[in-house]
Amino acid sequence: MKPQLLHIFRNTPFGRETLLESCYFCRTIEVELVAYLPKMSKFLMYFENDVVQVDLDSSFLSSPDTAKEHATSIIRASGLEPLFFDPEDFTASTLPDIPTHFDYMCCPRSIVDLSSKIGLGYIGPRVRRIVQSARFPVYIPNPVFKEWKSLAVLFGGSANAVKALRLAMRLSRLSGYPLKVFTQLEGDSRQDYDRVIKENGLEEAVEDWTIFETGRLKANLYEVPHDALVILGAYGHGLIRQLAFGSKMELIQTVLPNSLLIVGPHCAL
Amino acid sequence: MALNVKVPSLRLALMRLIWRIDERLLLIVFAAIVGGGAGLAAVILNRLLFDIHEALKPAHFHWYAFILPACGAGLSALFLGYIMKEGAGHGVPEVIYSVCKRGGLLRLRSSFSRLISSTLTIASGGSAGPEAPVVMSGASIGSNIARAFSLNDRQRTTMVGCGAAGAISAIFNAPIAGIIFSVEVILGEWTPINLIPIGIASVVGTEVSRLLQGNLIPFSHRQFHASLLDILASVGIAVLAGLSSVFFTRLLNGTIRKSHQLVAPDWLRAALGGTCVGLLGLAFPSVLGKGYDVVSTIIENHYQSGLVLVALATLAKIMATSLTIGTGGSGGIFAPCLVIGSLGGLAYQRGLVACWPAVPWAEEGFFAMLGMAGVMSGTLQAPLTGIFLIVEVTGSYQVVLPLILVSFVSATLCHHLQPVSFYYGELVSQGHLLRPRTDARLLSDLNILELIEKDCVVIYEDMRLRDMIPIIEQASRDCFPVENSKTGDFLGLIHLNDLRPYLFNPGLHDAVIMGEMMDVNVPRVSPFDHMKDVLELMDQTHLWSLPVVRRDKFMGMVSKGTILDRYRKELIVQTH
């Protein structure tokens, strides 16, 4: 069975762009797109050890009479077969459960707050929770549709980063797009990273590997191609370290306008 | 970007320490914490209810008093819908759903949302009880503590039970009732591994409540003496309580259904319900609020109204509770059951006295207690909870025999007339009441995708029998899926038995084409079908295996043998 990507459709021009992004993603790496057209303003996602309530903003429910028609035409025009998901389970009569067995999920940077807030540097709290709990990678698309023509992995050496690199290798094979790896040296030496790569048998993935030995990460991110899908691990550190030093993913998403594919700590590849 | 593979996080170290501790000991420690949290939630709710009720007391004497329940219910719905973004209701079905289907996962916000919303509803005069919201709160505390420490599904479910037990124990000062409610209504199973932590949570919850608000018994202790005649008469109150419970449950379900047909915002619907309750309260003030004072008065034999008024007040309480909860107010049905039962019991006793004035019947309080146990056992269809709760909250152990009789007769009658209790109605209709170790639960835990057998040899419709012979020689199965050679679409199945007559006639080897031999009407299942439906289909068609097809593409076979094998393994896991 083909892998599936879950897309929560928003029947607005902004929603059209994110659906186009999802369609491009699915077409490029041969994934089925499953669209959910919300009829209620909230839903629950039960993960292995967490339950996340997503309170959609009102734009997700706008013009319900044309939502299916719009979504179908966009998906068909992208050369995919439209598949729609209808929830079967309800925690309460107005609270559908969305399954978490999908292989990818597309989340705009925020699905709770009004779309006026959506911009670079803002990731909604629910999207964060989904990334932290999900067994699938979360796809955070550009606000405006733009085809990506390469893959870029920001590799920090953590267990999550290794998972992200493995995923990137797979996507590179499926899409035929080149893979570039970027690493910012922070305290550890190049040999340490080499050792991690060797231990995990990822030598093939780092043929095009840029290591920033000087400068700040924020400035060095300029080297990431503008038309690359950026793949990175997130929240791989412990809670205390995260509280003290923050998340690298959070910093990166404030700088890069590219589409992101985020591999969370519970992601199973 | 820094390597983090070398240093294990503090959280990981803590997790490892937790897993080294014996599981039972671990659950006992967490149960004590959860019980304490649930007890604290119960005390906070009690305090809030008391303070707000006292603050609103002067307003009850004005002409506009009937508006108060409307304001409370409307605000409660606004708070739940717009601030907490949760649905209305008391939440017990949500707790049971999470136990049955979601490994006890509950949202953190549920640990306090219902406390506030039910305070608004009940303190303003809405007819509902504080117990169900505090159960939701306690269960959510248990679930989230379990989540924070990464306990597994079974342990998390036990923690949900601990939260519920701690909450009921604390709010009623009734530890045994808390344990019984948790295992009878919430978890639906009695196992030593559950029972011990639940008992601990119950004790801690009760102690927290006693420590913070004193060792208060909700209703005064009285000694009742029941003769044999009174015990015989208790059969009548059992039937009356059973019928009242059925009427109450049906009216409540009907109000919920009808109110949802109203095209209006949730808060307006709740406010409309609250207005009706306020108007009922003008005629029968006893229907307002949780009504413990009414129960106390009846048990102490001080309730003044006559038979007809008491009967009407019973009816009014049933209506008021249905309107409050059914239209979207927040609160539970525990306390209303007690009030309905006590009023019903009082009416019954007065009826007996009116019919047979010469007989020395037991006191009004005695029949009120039986009525409470009867209505609670009937409405919840949980007789043990009814018995132990009434014994504990009234301290009247000497009437336990008629209490048992009334509770079981009422629960049986209700089960006959209304097979599903109010708590389980929606869950049963959606097939979500999946109790541990039941057939439905075991089947729901099996997934077709995990059971697909992929060792099938796929053949094409344009193949001849001659091409099939080497395939048959090597195949381990006696059925072959047939696909369209161009599109790859699944067309049907060929069974070896269908080919056998032609196999030994070489003259037919080039004449027989698979497309002509295949069974095109073979039932097929989708990978997302429920296992219960798949087995039913196998039984109906007398087939031992079925093809799994998705979007016209053959994925494999699913067979009864594999299902049974996994079913056994799952049963072993669940009974271990």
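1. Helices (H or I, at least four residues) and strands (E, at least two) are DSSP runs numbered from the N terminus, and two strands count as paired if DSSP finds at least two bridges between them.

2. This is a predicted model, in which local features need pLDDT of at least 70, side-chain atom pairs count only at pLDDT 80 or more, and totals for chains, interfaces and linings use all residues. Residues are numbered from 1 along each chain as its sequence is written, while chains are lettered from A and ligands numbered from 1 in the order in which they are written. The model scores ipTM 0.81 and pTM 0.85.

3. B:Val482 lies opposite B:Gly492 of β3(B). Contact here requires C-beta atoms, placed from the backbone, within 7 Å; axes are lines fitted to C-alpha atoms, for helices over the stretch in contact, with angles from 0 to 180 degrees between N-to-C directions.

4. Strands β4 (residues 545-550) and β5 (residues 553-559) of chain B run antiparallel and are joined by 6 bridges. They form a hairpin with 2 residues between them, and B:Arg551 in the turn has a positive phi of about 45°. B:Arg550 stands opposite B:Lys553 in β5(B).

5. Chain A holds an open sheet of 10 strands with mixed pairing, in the order β5-β2-β1-β8-β9-β14-β13-β10-β11-β12. At its edges stand β5 (83-84) and β12 (209-212) of chain A, each with a single partner strand, so one side of each has no neighbour in the sheet. Strands β1 (residues 4-8) and β8 (residues 104-106) of chain A run parallel and are joined by 3 bridges, with A:Leu6 opposite A:Met105 in β8(A). On this sheet packs α1(A), which touches β1, β2 (32-36), β8 and β9 of chain A and makes about 175° with the direction of β1(A).

6. Which way do α8(B) and α16(B) run relative to each other? The axes of helix α8 (residues 175-187) and helix α16 (residues 383-394) of chain B come within 8 Å and cross at roughly 170°. The two helices α8(B) and α16(B) are therefore roughly antiparallel (under 35 degrees counts as roughly parallel, over 145 as roughly antiparallel, 65 to 115 as roughly perpendicular and the rest as oblique). Among the residues that meet are B:Ile180 and B:Phe181 in α8(B), and B:Phe388 and B:Leu389 in α16(B).

7. Chain B is divided into domain 1 (10-213), domain 2 (228-424) and domain 3 (443-575), with bounds from an automatic or database domain assignment. The C-alpha centres of domain 2 and domain 3 of chain B lie 57 Å apart.

Technical notes. Contact = placed C-beta atoms within 7 Å.
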